[in-house]
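Here are my notes for you, written as numbered points. Keep the structure open beside them and find each residue as you read.

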Amino acid sequence: MPATWSLLAELATRISVSYFAKGAPVSTDILISLHPQHSANILAGRKTVELRRRPVRVSAGTRIWMYAKHPKSCIEGLAVVDRVCEAPLDELWAEFGDQVGISKQDFDQYMKGMVIGCAIVLRSAEPLQRSIPLGEMRR
């Protein structure tokens, strides 16, 4: 089995649900898709909070594998969940606005139509030694 497939098999095993809490699955690893600029900002330490429009059911300590969307199309880094906060949008912006790596205007546009948003507070972000391109994952 090529090294890439071995790594992906290991990753897939770790992404599987490890236990349940309050009826919602909690994973030890998850894979999230990000725009390349957000992935770069996380890996550079300029962005320490990832926003989501929907609740994310992960616990502190969950490892996040970061997939940078097109044009990069690769898994390029890891981060660890410090905590997850679901709150009304004005509270999210007040607490995390300086950590999300986007303007208030972009925040409002992204969260348009939502009443509550989700903030994933990250720590220990680091790039992989070698990113894994989508083409390699498909082989």
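How many aromatic pairs does the rule give?

1. The count is 1 aromatic pair. The rule works on rings of Phe, Tyr and Trp (its six-membered ring), which pair if their centres lie within 6.5 Å; planes under 30 degrees apart count as stacked, over 60 as edge-to-face and the rest as tilted. The partners here are W93 and F107, with centres 5.1 Å apart and 50 degrees between the planes, so the pair is tilted.

2. A word on where this comes from: the model is predicted, so local features need pLDDT of at least 70 and side-chain atom pairs count only at pLDDT 80 or more, while totals for chains, interfaces and linings use all residues. Residues are numbered from 1 along each chain as its sequence is written, and side-chain values use heavy atoms, with hydrogens and water left out.

3. Helices (H or I, at least four residues) and strands (E, at least two) are DSSP runs, numbered from the N terminus.

4. Buried means under 20% relative accessible area, exposed over 50%, and partly exposed in between (1.4 Å probe, protein chains only).

5. Next, the charged side chains: a search of the whole structure finds 9 salt bridges. A salt bridge is a side-chain nitrogen of Lys or Arg within 4 Å of a carboxyl oxygen of Asp or Glu. One of them joins D29 and R63 at 2.8 Å, N to O. Because D29 is in strand β3 (residues 29–34) and R63 in strand β5 (residues 63–68), the pair ties together parts that are 34 residues apart in sequence. D29 is buried, with 2% relative accessibility, while R63 is partly exposed at 28%.

6. Another salt bridge brings E86 and R57 together at 2.7 Å, N to O. This pair links distant parts of the chain, 29 residues apart: E86 is in strand β6 (residues 74–88), and R57 is in the loop between β4 (49–52) and β5. E86 is partly exposed at 38%, and R57 is partly exposed at 46%.

7. Strand β6 also holds D82, which lies 41 residues from R123 in strand β7 (residues 116–133).
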